[in-house]
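The stops below are meant to be selected in turn.

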Amino acid sequence: MKLSDKIAAYNLSHPFYTFEFFPPRTDQGFENLIPRISRLSTLNPLAISVTWGAGGSTRDRSIDLAGLTQSDYGIDTVLHLTCTNMVPGMVDDALRAAKVRGIQNILALRGDPSRGTEHWTPVDSQFTRGIDLVRYIRSSPEFSSHFCIGVAAYPEGHPDRETDEDSSLNVLKEKVDAGADFIVTQLFYDADPFIEWVNKVRDKGITVPIIPGVMPIQTYSSFLRLIKLCGVKVPPSVMAALEPICHDDQLVKDYGVGLAVDIIRKITATGKIKGIHFCTLNLEKSVQLVIEKLQWAGGSPIMKNKLIADAPGPMIHAQLATSSDLVIDPTTATNTATNALTFKQTLDPEPGRGELNNAATWDDFPNGRFGDYKSPAFGAQDQWGGTGFCQYEGLSEWGHSKSADDLTSLFLRYLHSEVSSSPFSSLPLSSESLTILPHLEQLTKRGWWTVCSQPAVDGACSTDEVFGWGPRGGYVYQKSFVEFFVEEKDLEMIEKKIEVEGRGWVHYFAGNLQGECRSNVPDDGRNAVTWGMFPGQEITQTTIIERESFLTWKDEAFSIWAEWASFYPPGSEERELLDSVRKERWLVSVVHHDYKRPDALWTFLLDGELPL
């Protein structure tokens, strides 16, 4: 059903809400997201939405997920569609795929720049802005009447543009005048400026529903990454409230829930906001708690009895066939009843109790580089499900490397906090990595460019200012690991040393651009390198290194080299260097299992009988 029609027919006493998901990066994450969506669907969202990666990078997974929720589970789904780097014909293919699957709602976006392009440039000249998608759909006899179209708005200004507010409002009005049926906004954390912006939108004569994007804060570190990536303004009061609790993940999450509730209450009290769009990051507990605290859970729209009738052949009350509210075909009736019986479950309110609650919360603290590859949120670092590693604003700091020595210097400057980011990290070196800084320096000076690492930790308090995570009252543990780029001759020396001196304590993965993977880890080996024990809960494992997660990260890491190279003109020394690094170097991940010895990994790599 079209979202605009559902909004018009909505008659509950509280505002409606929608949930946003992104297609997971792994098959296991995809499989685990479906029951998560099913559990959240018991909260009766008006619809859900599925994001679309830049350039159609998640095309198949986005369409598969949206088709599954729409066709198989009967949840009205909004498919995001962007024109960023979309090759000619891909828009038509996506719209047809959506139509075949019964999807009637499209969120038409220009899209975020794909990494490696300092400024966005269109591939298909027919689509350069979100309004072009709106106009195209509305002008197409094939799609115009089938789709309800939403567009994006940026109450605090588009992070990619330097235009004044009035110009931005004019652009929004153009999109609505072109045929948009509703507006979904960028997330925000300050209600007052948003309310003022809504008033200005209405003063422009824009009357379609405005659905504000709300994202509960999950962890302090992910919040910092997100606001930097999206250019979101945060009130000083929010940062002041977070700083004293930033080392207690549970308190941060609790604060995030409370802040979201306060913002929603304030903006809906104006009477001008009829619904909320929750950005879930593929996590469920915080969104569930927000809805429960608002006392919006438990209700459902008033459903009318419907006549089940076969479409073919004469009908006794033929005039009823024109009303979809009164007539339903047997197949749809069966699917609706089956889904209601299968997925209507009760969410446990207490953490640590029951299998269902465990499924809802086992990946609630997404610390570490990725987490568990089985999690629907695996690898997500930004609002749209991307990793957010490459930051364009850092290019002026990174300079113009023309030799391997220049790259070594850049990685050392990052370690020394002389640059605020690197192509592999949007934030400065973490406080825990600073505890192993001398070791990282030694490796980097050898031309082993470090990109991920962590020290060994043996039972630090979960509220420790450097190593702590999760709820208070617990203890956290880490095995030391380090990841770096090396030449093949160095990899061979490392492999020899592990074989001779590792004695079962050291495991490694190594991969290159050509798809080769070398390791001494069994094919089904899973290595938890970060875990925690908390009162009344099972052991929580937040970072796991195994073959699939390494290969996923490996592909991402080598794509960053390509995207970094694309900042520079073809044939330039900088581009030639970065391309050669991508083609010739190996990404290596080394873990030492003795977490009781803080220096175990570093003495192994830097000392021993076979010096490297």
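**Ground rules**

This is a predicted model, in which local features need pLDDT of at least 70 and side-chain atom pairs count only at pLDDT 80 or more, while totals for chains, interfaces and linings use all residues. Residues are numbered from 1 along each chain as its sequence is written, and side-chain values use heavy atoms, with hydrogens and water left out.

**Whole chain, coloured by confidence**

Start with everything selected. The chain has 21 helices and 20 strands; helices (H or I, at least four residues) and strands (E, at least two) are DSSP runs, numbered from the N terminus. Of its 612 residues, 54% count as buried, where buried means under 20% relative accessible area, exposed over 50% and partly exposed in between, with a 1.4 Å probe and protein chains only. Contact means heavy atoms within 4.5 Å. Among the contacts with a separation of 6 or more, 74% come from residues 24 or more positions apart.

Now colour by pLDDT, the predictor's confidence in each residue, from 0 to 100. The chain average is 83, and 79% of the residues score at least 70. Confidence is highest in β7, at 98, and lowest in helix α13 (residues 355-361), at a mean of 45. Select residues 299-303: pLDDT is below 50 there, and the stretch has 6 contacts in the model beyond near neighbours in sequence. Residues 311-324 are also below 50, with 10 such contacts.

**The sheet of 9 strands**

Next, show β1 to β9. They form an open sheet with parallel pairing, in the order β7-β6-β5-β4-β3-β2-β1-β9-β8. The edges are β7 (210-211) and β8 (213-214); each has a single partner strand, so one side of each is left without a neighbour in the sheet. Two strands pair if DSSP finds at least two bridges between them.

Zoom in on β4 (residues 105-109) and β5 (residues 148-153), which pair in the parallel sense over 4 bridges. Leu107 has Gly150 of β5 as its bridge partner.

Which residues of α5 are buried? They are Gly130, Ile131, Asp132, Leu133, Val134 and Ile137. Their cover includes β3, α4 (90-100), β4, β5 and α6 (165-177).

Select the loop between β9 (275-279) and α11 (285-293), where Leu281 lies. Most residues other than glycine have a negative phi. Leu281, not a glycine, has a positive phi of about 55°, and at 18% relative accessibility it counts as buried. Asn282 lies in this loop too. Its phi is positive, about 65°, although Asn282 is not a glycine, and its relative accessible area is 0%, which makes it buried.

**A helix pair**

Move to α15 (residues 404-415) and α17 (residues 437-445), which pack at an angle of about 175° with their axes 10 Å apart. On α15, show Thr408, Phe411, Leu412 and Leu415; on α17, show Leu437, Leu440, Glu441, Thr444 and Lys445. By class, this contact has 5 nonpolar, 2 polar and 2 charged residues. Ala, Val, Leu, Ile, Met, Phe, Trp, Tyr, Cys and Pro count as nonpolar, Asp, Glu, Lys and Arg as charged, and the others, Gly among them, as polar.

**The sheet of 4 strands**

Finish with the open antiparallel sheet ordered β13-β14-β18-β19. Its edge strands, β13 (457-461) and β19, each pair on one side only. The twist averages 20° from one strand to the next.

Select β18 (residues 526-533) with β19: they run antiparallel, joined by 6 bridges. Arg526 has Glu546 as its bridge partner in β19, and Gly532 stands opposite Thr540. The hairpin has 6 residues between the strands, and Gly536 takes a positive phi near 75°. Is β19 (residues 540-546) mostly covered or mostly uncovered? It is mostly covered, with 6 of its 7 residues buried.

Terms used: Axes fitted to C-alpha atoms, helices over the stretch in contact; angles between N-to-C directions.
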